[in-house]
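Colleague: I would like to learn how to read a few features of a protein model. Please start with strands and sheets.

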Amino acid sequence: MPPKVKESSKKILPPITRPEISNTSLNYVPNDAIEGYQERLETGVDWTIEEQAVRHRKKCFYHHLPEVTFSEALNAKISKSVLSGFLNNNSKISLSDQWELILPTTLWDIEKFANEESKICFHNANCITDDVINLINKSVRKNDRNMLLRDFKDVTVLRVNDSQMTTLDKGITGFRKLVRVNLCGNFLNEIDSTFIPRGLRVLELQNNMIENVETIATNLPSGLLYLGLAKNILGGINGLNTLPDSITVLDLSDNDICDLESALNGLAQLPSLVSLQLAGNPCSVCAAYARTTISKLSNLQWLDLREILHTDRSEENSETHPDDLRSTYFNFTVFRIISAPQPPKVDKGAITSFHVELELPLLDSDRRRFLMFRNNDSLIEMLPPPEDDIYLEPSKISSTIKSKTAIGETSSNGSDLYRLSAVNSREIRHFTTFQSNKVQWNKIMSFQEPAVRIFCPNLVALRDTFRTVVTIRLIYTMSIPSKQSKVDKKSAHLIRPLPNEQRATIATIKCTLKRPDWSQPAQHFHWDDSLGTVDAIHWGDGDLSTVQYTQAPAKVTKGKTDADQGSSRQQPPENLTCHFGFGIDTLSV
């Protein structure tokens with residue numbers, strides 16, 4: 001009798017526990033919150049340079065800019081370019097003189113004497129179409145200014161970018177052969193698509209003030225292949241299903257689209273769509289972003305400029321929990337701290353440790369709740385001192401704490417990094433300082449992973465956090481158990497124990513975050529004190545978590561280096577080095 005085949009039972013996965021998302025979460029703002037809550041919340045946030053520029057543009061737009069039509073913007077663009085002198089019929093300088101004298105001099109001055117900023121401005125003013133020089137040369141040979149104007153009207157590429165344009169008028173209809181139009185960096189809010197030439201294939205509208213796709217989707221050319229709407233203020237998704245069926249590439253990155261499921265339902269109506277960009281929207285930082293997008297858009301080949309591989313498509317139709325479309329976790333990881341100066345010796349009984357701390361104001365629920373009813377000036381308050389003579393001010397505390405390491409004493413390696421200051425117990429903070437676990441000094445210090453983990457039901461706040469510069473501090477603390485001396489019983493209840501913790505900031509590091517990438521679990525940063533700056537280096541697509549170091553002395557065989565021996569472990573650097581990672585939880589695709 002053959003043996004019975006054991007039935008393979010499927011392992012039952014434990015249920016995923018999720019914090020409850022309710023009106024008490026970060027999304028909720030009560031009706032009685034003090035006016036200007038959002039402005040107070042963003043006060044003091046260290047935005048990246050790019051985000052500062054975007055916010056400045058929005059302020060300019062909402063301050064009622066004067067109306068500038070396409071025709072006016074085009075003329076202004078031409079007046080700043082080398083085309084101006086050749087198109088001016090009133091000019092007393094002949095075309096040949098313009099070509100042989102003025103144009104070469106201008107180009108030579110830019111090449112030899114202009115700085116990088118001036119060269120960028122010159123290029124921007126003269127990128128109005130492709131191959132401007134050959135276009136001019138053709139009319140110069142015929143000595144015909146009108147020919148240049150006719151040829152200019154027949155160009156297939158036109159760029160009227162960064163021209164403060166607010167309205168698209170019928171002036172663009174004069175360019176009947178246009179295939180590509182660049183209107184980026186203007187202040188367009190609505191567009192009358194009937195003015196756009198019917199043969200257009202590429203329409204670039206990035207960095208404008210468009211609030212709804214529906215305002216431009218109607219009457220777009222039926223053969224349009226590319227539509228760029230990045231860095232606008234799109235919030236609603238109405239009109240996505242009315243875009244031309246011919247669109248193959250759609251750029252909606254860096255907008256304010258929050259509802260991923262509704263957006264994908266509209267995008268699923270575009271049969272030719274093969275490349276989509278949604279990164280930089282609040283919906284793109286939810287846990288199920290990549291998995292849901294790839295599964296719902298079966299024809300998609302590229303997502304956020306990353307190719308979708310066969311392995312990225314799940315063969316199983318696993319259901320996505322609704323909360324994974326509106327929340328995720330923010331993770332901060334300290335991979336390692338290397339070669340921190342060894343701290344000085346301390347008295348017996350004193351406890352020393354290292355930890356890493358950072359402030360994330362946009363993800364701080366305590367700060368958010370407090371600022372609903374108070375101002376930023378109230379984030380730090382001081383308790384009143386007790387009305388007795390026994391209490392000591394923080395400035396006098398150091399003299400009462402006896403240690404082998406006096407305040408300001410240098411360590412054995414000559415560094416004055418360990419200049420300790422007492423922690424003020426009277427200080428009340430209405431914000432959270434997120435910090436890692438505490439570890440003892442070592443040549444290579446490792447921390448638990450992740451060091452900081454924050455649940456984020458507010459995707460807008462999480463998206464905006466990746467547009468900031470995060471300050472990280474390496475902190476050294478020394479704690480001494482408090483010992484109360486014998487005093488009179490009547491005054492014993494008035495005595496407050498002395499603060500028993502002192503701390504020193506060993507290093508302050510700034511990490512300029514970038515928007516999350518669905519194909520990368522985290523973005524990594526490297527900093528060491530030899531850089532001469534507090535700014536950490538973004539490690540690109542590199543993975544610092546896989547780098548291995550050893551404290552064992554290097555064994556070098558005669559005539560062979562470490563690299564020749566194929567060792568995967570490196571000797572730790574001698575200067576203070578820190579490796580960090582920032583990321584969000586994403587469901588595997």
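Modeller: Helices (H or I, at least four residues) and strands (E, at least two) are DSSP runs, numbered from the N terminus. Two strands pair if DSSP finds at least two bridges between them. This is a predicted model, in which local features need pLDDT of at least 70, side-chain atom pairs count only at pLDDT 80 or more, and totals for chains, interfaces and linings use all residues. Residues are numbered from 1 along each chain as its sequence is written, and side-chain values use heavy atoms, leaving out hydrogens and water.

Colleague: Which residue stands opposite Leu276?

Modeller: Strands of a sheet pair through backbone hydrogen bonds, either parallel or antiparallel. Here β6 (residues 275–277) and β7 (residues 302–303) run parallel, joined by 2 bridges. Leu276 faces Leu303 in β7.

Colleague: In what order do the 8 strands of the open sheet lie?

Modeller: The order is β1-β2-β3-β4-β5-β6-β7-β8, with mixed pairing.

Colleague: Which residues touch the most other members of the largest nonpolar core?

Modeller: In soluble globular proteins, nonpolar side chains tend to be buried together. A nonpolar core is a set of buried (under 20% relative accessible area, 1.4 Å probe, protein chains only) Ala, Val, Leu, Ile, Met, Phe, Trp, Tyr and Cys residues joined through side-chain atoms within 4.5 Å. The largest has 114 residues, and Phe332, Phe580 and Phe582 touch the most other members. Beyond its neighbours within four places in sequence, Phe332 has contacts (heavy atoms within 4.5 Å) that include Val356, Pro450, Ile472 and Phe580.

Definitions and conventions
Buried means under 20% relative accessible area, exposed over 50%, partly exposed in between (1.4 Å probe, protein chains only).
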